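Colleague: Could you take me through this model feature by feature, giving the general idea before the particular case?

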Amino acid sequence: MDMLLALPFHDVLFPKILDFLSIKEVFLLREVSKKYQTTVDEYFMTCRKLQLAEHSCDVTPEAFLLMTKKNNILQELNLNNSKHWLDDNLFLSVVCRCPMLKNVDITNCSRLTNRSLHTLASYCQFLTRLSIHGCHWIDKDTFKVVISSNQNLIDVDASGCWSLDDDCIITMAAKCTKLKKLALVNVYPITDRSIDSLALNCKHLTTLKVSGCWRITNTSIGKIGEYCKKLHLLHVKDCRDISESSLARLRVRNVVIDKPVPPKTFSRRLLVQPYVNLQV
């Protein structure tokens with residue numbers, strides 16, 4: 001008798017063993033026998049987390065459908081960098097069946113469209129974490145719809161979503177007041193208006209990443225320091241109008257900042273050159 005299959009599936013085998021295998025290893029186990037095939041299929045049906053980021057290049061549409069087609073209880077879906085095979089139809093086959101999704105990562109999924117996010121907003125309204133990093137295709141209206149439907153978001157990464165502007169971020173700040181982590185790296189259109197709104201509405205912020213947002217200035221960063229007392233990480237690299245006049249106070253509070261402390265300015269000293277009499 002196979003000792004592995006003799007273990008209680010839901011109490012031991014699934015949570016204590018299969019959960020610690022990679023997706024590739026689980027599929028290899030599935031090929032051992034008919035019994036293992038049935039067992040692994042049942043495992044996929046009961047998974048609450050599906051992490052494909054590390055093996056995104058190896059996954060095929062057929063494998064993805066096999067893993068998800070009978071699952072309606074997924075809460076965490078990480079499809080980071082699944083740009084070669086993930087399209088709207090595959091993504092929506094999961095979204096429409098799993099309304100309890102809380103954590104969705106579609107970083108760099110370039111084959112998706114705004115249709116996917118509109119449907120996500122309609123079916124999944126319990127999101128707490130959303131990463132759309134590098135999804136340049138997202139437009140302003142779609143972003144606002146997703147944000148308005150998921151006001152319990154605490155972690156959002158919209159870095160590289162170039163079409164987003166101040167109105168988008170102000171809407172998010174007003175709706176998602178529980179935000180703790182926000183990344184807007186290289187979202188070039190945003191200005192101090194966005195950061196001011198975040199400072200006034202999202203006082204639980206612990207992490208703010210706005211590197212490359214060159215329109216942001218010391219004025220709004222000063223407000224972040226004033227209102228967001230829990231802040232411990234700030235990324236402002238390549239923000240040319242942010243200097244020590246706003247960062248110094250944050251450093252005193254031990255906020256980790258990606259911009260190095262400038263060299264110390266020493267007091268000016270009168271340099272007395274030796275007098276040489278050149279007269280003959």
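Modeller: What follows goes from the sheet to the core, then to a pair of helices and some single residues. This is a predicted model, in which local features need pLDDT of at least 70 and side-chain atom pairs count only at pLDDT 80 or more, while totals for chains, interfaces and linings use all residues. Residues are numbered from 1 along each chain as its sequence is written, and side-chain values use heavy atoms, with hydrogens and water left out.

Colleague: In what order do the nine strands lie in the open sheet, and what is the sense of the pairing?

Modeller: Strands of a sheet pair through backbone hydrogen bonds, either parallel or antiparallel. Helices (H or I, at least four residues) and strands (E, at least two) are taken as DSSP runs numbered from the N terminus, and two strands pair if DSSP finds at least two bridges between them. Here the nine strands form an open sheet with parallel pairing, in the order 1-2-3-4-5-6-7-8-9. Strand 1 (49-51) and strand 9 (256-257) are its edge strands, each pairing on one side only.

Colleague: Over how many bridges do strand 1 and strand 2 pair?

Modeller: Strand 1 pairs with strand 2 (residues 76-78) over three bridges in the parallel sense, and Leu 50 has Leu 77 in strand 2 as its bridge partner.

Colleague: Which residues of the largest nonpolar core touch the most other members?

Modeller: A nonpolar core is a set of buried Ala, Val, Leu, Ile, Met, Phe, Trp, Tyr and Cys residues joined through side-chain atoms within 4.5 Å; buried means under 20% relative accessible area, exposed over 50%, and partly exposed in between (1.4 Å probe, protein chains only). The largest such core has 84 residues, of which Phe 64, Phe 91, Ile 106, Ile 132 and Leu 234 touch the most other members. Helix 5 (residues 88-95) gives the most to this core, with five residues. Contact is defined by heavy atoms within 4.5 Å, and beyond its neighbours within four places in sequence, Phe 91 is in contact with Leu 77, Leu 79, Leu 86, Val 104, Ile 106, Leu 112 and Ser 116.

Colleague: At what angle do the axes of helix 8 and helix 9 cross?

Modeller: Axes are lines fitted to C-alpha atoms, for helices over the stretch in contact, and angles run from 0 to 180 degrees between N-to-C directions. The axes of helix 8 (residues 166-175) and helix 9 (residues 192-201) cross at roughly 0° and come within 8 Å. Helix 8 is therefore roughly parallel to helix 9, given that angles under 35 degrees count as roughly parallel, over 145 as roughly antiparallel, 65 to 115 as roughly perpendicular and the rest as oblique.

Colleague: Which residues of the two helices meet?

Modeller: An α-helix has 3.6 residues a turn, so residues three or four places apart point the same way. From helix 8, Asp 166, Asp 167, Ile 169, Ile 170, Ala 173 and Ala 174 meet Arg 193, Ser 194, Ser 197, Leu 198 and Asn 201 of helix 9. The residues of this contact divide into five nonpolar, three polar and three charged, where Ala, Val, Leu, Ile, Met, Phe, Trp, Tyr, Cys and Pro count as nonpolar, Asp, Glu, Lys and Arg as charged, and the others, Gly among them, as polar.

Colleague: How many of the ten residues of helix 9 are buried, and against which elements do the buried ones pack?

Modeller: Helix 9 is mostly covered, with seven of its ten residues buried, including Asp 192, Asp 196 and Leu 198. The buried residues pack against helix 8, strand 6 (181-183), strand 7 (207-209) and helix 10 (218-227).

Colleague: Where do Asn 81 and Asn 186 lie?

Modeller: Asn 81, in the loop between strand 2 and helix 5, has a phi near 70°, a positive value in a residue other than glycine, and is partly exposed at 22% relative accessible area. Asn 186, in the loop between strand 6 and helix 9, has a positive phi of about 60° although it is not a glycine, and is partly exposed at 30%.

Colleague: Is Cys 98 buried or exposed?

Modeller: Cys 98 counts as buried, at 1% relative accessibility, and lies in the loop between helix 5 and strand 3 (103-105). Not counting residues up to four places away in sequence, Cys 98 touches Asn 71, Asn 72, Ile 73, Leu 74 and Cys 124.
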